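Let's take a walk through this structure together. Have the chains in view and follow along.

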Amino acid sequence: MLTVSDLSVGFPKDGELTPAVENVSFEVGAGETLAIVGESGCGKTVTGLSLIGLTPPPGQVTSGRVMLDDLDLLRCRGRAWEAIRGRQIGMIFQDPLTALDPVYTAGEQIAEGLRFHLKMRGAEAWKQALASMADVGIPDPPSRSRLYPHQLSGGMRQRVMIAAAIALKPRLLIADEPTTALDVTVQLQIIELLQALQREHGMGLIIITHDLGVVARIAHRVAVMYAGQIVEQGDVQTVLETPAHPYTAGLVAAIPRVDSVSDRLATIEGTVPAPGNYPPGCRFRPRCPRAAAGCELPQELRPLLDGRTVRCLYPRTDRTMEIRSEKTEVES
Amino acid sequence: MTDPDVQDHPVSSDSLLKLDNVVKAFTSRRGDVVRAVDRVTLEIREGESLGLVGESGSGKSTTGRLALRLLSPTSGTIYFRGQNAAGFRGADLLAFRRQAQIIFQDPFSSLNPRMRVRQILTEPLVIHGLARGREREEVMGLLDMVGLRPEYADRYPFQFSGGQRQRISIARALALRPRLMIADEPVSSLDVSVQAQIINLMRDLQAQHRMAMLFISHNLAVVRHLCQRTAVMRGGQIVEEGPTEELFRNPQHEYTRLLLDSILTPEPARYRDARTEDGGRRTEDGG
């Protein structure tokens, strides 16, 4: 359904375009879920926005192709997007307060999409809007629908935005941290709702998140991003159970588990480099416990025998190799 | 499950902080009264770490602010080392504040942007008239304790990452060598890899200084990792409280079980059925 090839996005800095996303490629099929994971600043949000022509200015797409079936989305301009956004590709943004219009009530914002995209009449759209609010677990939709965004809690706003997106039953949904602001019990409810939409309508889903628990629950495939590049991509079970890239391995090991206790959590030294400050060669090298000769050169994504791709000269290929549990050290 | 109406522990000899049947009610503009904290009884002993978990709106942050006397209870009593904290005035209050410190969730709004790290760390000492003439050594000691380089003393907060700022917040809280540290979602805004660094640091510091800690979090996995005892809050009330290991292994209250069951762990095999049933076009045999 969606095929992204070699997508790059740059931001102007000192008269040059600094890459924030570089040569990102992936596919999403009907009913399938791809998770894009990584820490803040890795380029996952910019990637998601660029797919639907919303690259945050002054950033711009510098190369690549984004195909929705036969339609080249990067050539789409102006009003052509109206037929695509919302109906074909829905988007759940990370920050509901800026994504919702402050001068319209929650119900109006959901109904507006239904009138515009699905040509529903007033009463019908309103009824459907209330039904969508109930679907995302908003208690008492008739009264909540009349509240303005500022009168709703963060979790409620998030759910209003999700309701507005799924009410249109898009073929593909891009969800940027859709459940991060929600309590765990509500999170599970939203995930189950998204899965029901996939089951019933074959909706494709791109979920952008830093939460590997959410990824494990919902995703079929996962792309791990670091410093603007995909560093590992493959089947969710392969990647999370036997991470081949040391960054993926570090992320998985750093998560405290609810069902076991260890004395120390494994950590990844240092912090994620900002765009424009990427180190030469492998971008993870300064933080990598396995860095060795050759890592000072840029690395390509390479396929492994188990079907995944990895951007590492020394990928971990069996599960007995453990990332060292580092003593807490200075981030620099 | 505890019944706050019946429960009445005496204050034990090593009790550091005790909330006894504490209520905090807020009145909305329309005149509705909401009990954000409803008959909460909790005790923290010297050197002990207590995790307070619950979802948004459960009253856990309000409980933390009550414990620190940043809010006064509507009814009920808060004891600090056996003394009624409501009665603290002047020198007593200052002494209490020295012994109870807080770390906030947002490391961007909780540090004064116009102060250098050096000032941020010495301000508590100046207020309490401590370490006069030894401020320099104190600052260096604190930076070392939280794993920051000495030269950072002359920088401003904006020059640091989120994780580094949270280290500065922790150093500032430690400057007075408090007996009680209240940490309100201290790692929630941090990236996973940095979060692990801060959790390890807090665990080390709590053990080294034998400092009691009230750790407020929505993240049960973090609490399991850090706290000896855990209390679960819902709708302003404590629904279950006990030794962490026991509570996680054998939760008694239905709500605790619901919370534990809702947590997603990064183990895809666990959710294989939930995933494939949902129409994924996985043609390969799931392993």
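Predicted model: local features only at pLDDT ≥ 70, side-chain atom pairs only at ≥ 80, totals over all residues.

Begin with chain A and chain B side by side: their contact draws in 55 residues from chain A and 54 residues from chain B. Between them, the two chains bury about 4,600 Å², and 53% of that lies on carbon and sulfur atoms.

Now zoom in on one spot where helices from the two chains meet. Two packed helices are described by the angle between their axes and the distance between the axes. The crossing of α7(A) past α9(B) is left-handed. On the α7(A) side, Val184(A), Thr185(A) and Leu188(A) make the contact, while α9(B) brings Leu258(B), Leu259(B), Asp261(B) and Ser262(B). Sorted by class, that gives four nonpolar residues, two polar and one charged.

What about salt bridges? Two of them span the interface of chain B and chain A. Look for Arg264(A), which pairs with Asp204(B), their closest N and O atoms 3.1 Å apart.

Over all chains, the count comes to 26 salt bridges. Among them is Arg45(B) with Asp14(B), at 3.8 Å from N to O. This pair links distant parts of the chain, 31 residues apart: Arg45(B) sits in strand β2 (residues 33-45), and Asp14(B) in the segment before β1 (15-27) of chain B.

Technical notes
Residues numbered from 1 in each chain as written. Chains lettered and ligands numbered in written order. Heavy atoms only, no water. Left-handed = near helix turned anticlockwise from the far one by under 90°. Helix = DSSP H or I, 4+ residues; strand = E, 2+ residues; numbered from the N terminus. Contact = heavy atoms within 4.5 Å. Nonpolar A, V, L, I, M, F, W, Y, C, P; charged D, E, K, R; others polar. Buried area = accessible area lost by both parts, 1.4 Å probe. Salt bridge = Lys/Arg side-chain N within 4 Å of Asp/Glu carboxyl O.
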